[in-house]
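Biologist: I would like to learn how to read a model like this one. Could you take me through a few features, one by one?

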Amino acid sequence: MTWSIIARDTQTGAFGVLCASRALAVGAVVPHGAGRTGAIATQAFANPFFGVDGLRMLGEGCSSQDIVCALAAADEGRDHRQVHVIDRTGSAACHTGAACIAWSGSVSAPNVSVAGNVLAGPQVVEATLNAYLAASALDFDERLIVAMEAGECAGGDSRGRQSCAIRIWSDAPFASFDLRVDDHSEPLKELRRLWRLAHQGYAPFQTACPPARSRPASRTGTPSIGCAPNMPRPGTPDIRNSRRSQP
C-alpha cells in the first residue's frame with residue numbers, strides 16, 4: 001500500500017529510496033540500502049527480510065533480477081508482496097505479486113525504478129519516473145523529491161496520504177541522508193520543509209566532516225573512537241562538573 005522510487009545517482013554513485021504511503025511510518029519498513037552496494041524497497045504486505053537478504057545478495061555481487069527472483073521464490077507470501085531492487089550497476093528489477101491490490105505495477109529506466117500498489121492508476125508511477133528523468137540538473141536528493149511530488153500530483157496512493165521517507169547511501173553501509181515523516185496530513189510537503197532545514201545545517205556538516213573510524217578528535221591526533229567531543233578519555237575521571245556538585 002505504497003509507492004516508491006529507487007535510484008542510483010550516476011554523478012556520485014550514491015543510492016537512494018523515497019517512499020510514500022497512506023500508512024503510518026512507511027520509512028520504518030520499506031527502504032533498505034548500502035553505499036556502493038544497491039537499494040531495495042519492500043512494500044505491499046512488506047517483508048523486511050527482503051531488505052536484509054537482498055542487501056546480503058547485493059553485497060555478494062548478485063544482479064537485481066537474480067535477487068528479485070530468489071526473494072520471491074523463497075517466500076510463500078509472494079503473491080501479496082511487491083519489491084524492487086537496483087544493483088551496483090544501476091540495473092533494476094521488480095516483483096509485483098498477483099494478489100497486490102490494483103492499481104499495482106512498476107516502470108523503470110537505467111539507474112531508476114518506480115513501483116507502487118493501491119495507486120490511483122499507472123499514471124502515478126509514470127509521472128514519478130518522467131519527473132525524475134527530466135530533473136537531471138538537480139542534486140540527487142531533490143531530484144527524488146521532485147519525482148515523488150509529480151507522482152502525488154498524478155494521484156498518488158488512492159487511499160490518501162500519511163507518511164513518507166527519503167534515505168540516501170553514499171559510501172558507507174549507513175545512510176548519509178535520512179529524513180522521515182511518520183504521520184502528517186501532507187507528508188511530502190512536510191518532507192520538503194525538513195529537506196530545506198537539513199540543507200541549512202545537517203547536510204553541510206555531513207559533507208564537511210563525514211564520519212570515519214579513524215577521524216582524529218584534536219590536533220594532537222588522539223583517536224576519537226569511544227570519545228565524543230569534550231568527553232573524558234577512557235580511564236580518566238570525569239571532573240567537569242565536580243565544582244557544581246559540591247555543596
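Biologist: Where does Ala-44 lie?
Modeller: Ala-44 lies in strand β4, residues 38-44. Helices (H or I, at least four residues) and strands (E, at least two) are DSSP runs, numbered from the N terminus. This is a predicted model: local features need pLDDT of at least 70, side-chain atom pairs count only at pLDDT 80 or more, and totals for chains, interfaces and linings use all residues. Residues are numbered from 1 along each chain as its sequence is written, and side-chain values use heavy atoms, with hydrogens and water left out.

Biologist: What is the phi of Ala-44?
Modeller: General idea first. Most residues other than glycine have a negative phi, and most peptide bonds are trans. Ala-44 has a positive phi of about 60°, although it is not a glycine. Ala-25 is another case, with a positive phi near 55°. Ala-25 sits in the loop between β2 and β3 (31-34).

Biologist: Are Ala-44 and Ala-25 buried or exposed?
Modeller: Buried means under 20% relative accessible area, exposed over 50%, partly exposed in between (1.4 Å probe, protein chains only). Ala-44 counts as buried at 14% relative accessibility. Ala-25 is buried too, with a relative accessible area of 17%.

Biologist: Which peptide bond is cis?
Modeller: The bond from Ala-102 to Trp-103 is cis, with omega near -10°. Trp-103 is found in the loop between β6 (92-96) and β7 (105-109). Cys-100 lies in the loop between β6 and β7 as well. Cys-100 counts as buried at 11% relative accessibility.

Biologist: How do I read strand pairing, and which strands pair with β2?
Modeller: Two strands pair if DSSP finds at least two bridges between them. Strand β1 (residues 2-8) and β2 pair in the antiparallel sense over seven bridges. Thr-2 stands opposite Ser-21 in β2. β2 and strand β9 (residues 163-169) also pair in the antiparallel sense, again over seven bridges. There, Gly-16 has Ile-168 of β9 as its bridge partner.

Biologist: What lies between β1 and β2?
Modeller: The hairpin of β1 and β2 has six residues between the strands. Gly-13 in this hairpin takes a positive phi near 85°.

Biologist: Why is β2 described as largely enclosed?
Modeller: Seven of the seven residues of β2 (residues 15-21) are buried, so the strand is largely enclosed by the rest of the structure. Phe-15, Val-17, Cys-19 and Ser-21 point one way, and Gly-16, Leu-18 and Ala-20 point the other way.

Biologist: How do the side chains of β10 compare with that picture?
Modeller: Side chains alternate along strand β10 (residues 177-181). Phe-177, Leu-179 and Val-181 point to one face and are buried. β10 pairs with β9 in the antiparallel sense over five bridges. Ile-166 stands opposite Leu-179 in β10.

Biologist: What about β6?
Modeller: β6 has a covered face, Ala-93 and His-95, and an uncovered one, Ala-92, Cys-94 and Thr-96. Five bridges join strand β5 (residues 81-87) to β6, and the two run antiparallel. Cys-94 in β6 is the bridge partner of His-84. The β5 and β6 hairpin has four residues between the strands, and Gly-90 in the turn has a positive phi of about 95°.

Biologist: Which charged groups sit over rings?
Modeller: A charge sits over a ring if NZ of Lys or CZ of Arg is within 6 Å of the ring centre and within 35 degrees of the ring normal. Arg-143 lies over the face of Tyr-132, at 3.9 Å from the ring centre. The charged end of Arg-192 sits over the ring of Trp-195, 5.2 Å from its centre.
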